[in-house]
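I opened my notebook to look up a few things in this structure. Here is what I worked from.

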Amino acid sequence: MANDNFQIKHIDPTLHNEDLAPLPPGKRHWGWFEIFNVWSNDIQSLFGYTLAATLFISYGLSGWAVLAGIVLAGFIVMGLVQLTGKPSVKYGVPFPVMARSSMGVRGANFPAVVRGIVAIFWYGVQTYFASTALALLLNALIEPAADAPTLLGITAIGWLSYCLVCAFQVLLFVRGMAWITRFLNWAGPLVYVVMIALMLIIWCQAGPSLLTELGTIFSGSGEYEAGPVAAFFAVVGTMVAYFAAVVINYGDFARFVKSEKQMTVGNFLGLPVSLAIFSVIALVITAGTVVVFGETLTNPTDIVARVDSLTLTIIAALTFFAATVGINLVANFIPPAYDIANLAPARISARTGGFITAAIAFFIGALWVAFISQVGIAAFVDTLGAILAPLYGIIVADYYLVRKQQLNLQDLFSAEPGSSYYFNGGWNRKAMIAFAVASVFSVASVWVPVLSQLHGYAWLLGALLGAVLHYLLMRNTPTKQ
């Protein structure tokens, strides 16, 4: 597709600004390494490590089964993002614009708002986790009193760290995508170095007892109420749900990739391969904490704090901080910035949307310790994933089954009655019905006791149901290209 084809000839200011406009191939500078680092930073964030470590000890499965489930989830997520990434590589548009083909040029505001809300929620939580890494560094240097007072479960140093992280992320966002890309490219590999170093230190301190503890984890306890098969698929489903927020808006950064091949290579190395390596490291470290410290520690900042090495503490704190901030910007800051801009492109730029995101997320992260974390990590991940799942299914089914992978790029930015994606006043009511039915089911599978056996894989079921309903409702609807 020539660069001229990416120029919107009749601009509707209510649907277009420079942040939402198609990005021509000549302006795309990402290769496989940038995509690899998107996933590496996501996996290596403090939240990602904690989730992976928790899965090894929570489901009563053998370590091999959990590892297999995590790797399988990596392949599933790779397949899912290939589907959402391909059209954005082809047409150069972000997720809010891509959603117009299925939801309508006005109706696309709805999935954009839902995705934006979820991203803002994640952004606040990941900001808190990033601040714990900075707090680790400050505590190592200042050595405050052990009984320091807290506000909402956070000490004064914790609050200072949290505010500094919030300010740093906004500053990096304002500098632009080029700075964020460079930040990701050095943060991802460096975290691997630190994690391997931490694993070797824990291994040396644990000695031969580490292998015994690993044997215990790999033997499994079989304590999951619904049985081992259900436990395995719960592990797979929970890991897929962890990536759900990135999966649906993957086009927001696939549009920066030079080619589909580059995207595919980056996805493979960054998802199943990187996920397998990092999970093994997390498993060894988690087993080592039981031997060395007498308790299971799943947050790497807690582990580093127990290791008597100021040098390691400083390096680890900075790298965990960098990895968590990096993925937070890409996965949880940039998407809602686009989504909010999509609501009123003539008045709100992506930059303004970013400021709105940061302001709301500040309060969410501040309440993580005292309130939000009480629902538990698995339930938290699964609920957010369940809300997003039907939107993913609808968008993918529409592009591949209804539109046959052909879009009218000009009409994605047109609100003229009779244009390809105008539907009923700019809204596709059939897609809204599909979302309503599928989302009620997927969220209920997380919280309704009678559906508890579906708890771990609510995302997959919600996405499938959304896709099927949308296709059935739209299959006889004439489409214009």
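**Entry 1: a helix residue**

Is Leu51 buried or exposed? I looked up its relative accessibility, and at 2% Leu51 counts as buried. I noted the cut-offs: buried means under 20% relative accessible area, exposed over 50%, and partly exposed in between, with a 1.4 Å probe and protein chains only. Leu51 is found in helix α2, residues 46-58. Helices here are DSSP runs (H or I, at least four residues), numbered from the N terminus. I also checked Leu51 against Ser279, which is 228 residues away along the chain. Their C-alpha atoms are separated by 10.0 Å.

**Entry 2: ground rules**

This is a predicted model, so I kept in mind that local features need pLDDT of at least 70, that side-chain atom pairs count only at pLDDT 80 or more, and that totals for chains, interfaces and linings use all residues. Residues are numbered from 1 along each chain as its sequence is written, and side-chain values use heavy atoms, with hydrogens and water left out.

**Entry 3: the core**

I looked up the largest nonpolar core, which has 153 residues. Such a core is a set of buried Ala, Val, Leu, Ile, Met, Phe, Trp, Tyr and Cys residues joined through side-chain atoms within 4.5 Å. Trp39, Phe243, Ile285 and Trp459 touch the most other members. Helix α15 (residues 310-343) gives the largest share of this core, 17 residues.

Next I took Phe243. What does Phe243 contact, leaving aside neighbours within four places in sequence? I found Trp39, Asp42, Ile43, Val77, Leu271 and Leu275. Contact means heavy atoms within 4.5 Å. Phe243 turned up again in a cluster: ring pairs link it with Trp39, Tyr250 and Phe253.

**Entry 4: aromatic pairs**

How many aromatic pairs does the structure hold? I noted 21. Rings of Phe, Tyr and Trp (its six-membered ring) pair if their centres lie within 6.5 Å; planes under 30 degrees apart count as stacked, over 60 as edge-to-face and the rest as tilted.

Why is the pair of Tyr123 and Phe333 tilted? The planes of the two rings stand at 45°, so the pair is tilted, and the centres are 4.7 Å apart. This pair links distant parts of the chain. Tyr123 is in helix α6 (residues 109-142) and Phe333 in helix α15, 210 residues apart. Tyr123 counts as buried at 2%. Phe333 is buried at 0%.

Tyr192 and Phe278 form an edge-to-face pair, 6.3 Å centre to centre with 80° between the planes. Tyr192 lies in helix α8 (residues 177-206) and Phe278 in helix α13 (residues 260-293), so the pair ties together parts 86 residues apart in sequence. Both Tyr192 and Phe278 are buried.

**Entry 5: charges**

Arg100 lies over the face of Phe413, at 5.2 Å from the ring centre. The charged end of Arg255 sits over the ring of Phe256, 5.6 Å from its centre. The test is NZ of Lys or CZ of Arg within 6 Å of the ring centre and within 35 degrees of the ring normal.

I then searched for salt bridges (a side-chain nitrogen of Lys or Arg within 4 Å of a carboxyl oxygen of Asp or Glu). The whole structure gave one. The side chains of Arg403 and Asp398 meet in a salt bridge, 3.2 Å from N to O. Arg403 counts as buried at 2%. Asp398 counts as buried at 0%.

Conventions:
Helices (H or I, at least four residues) and strands (E, at least two) are DSSP runs, numbered from the N terminus.
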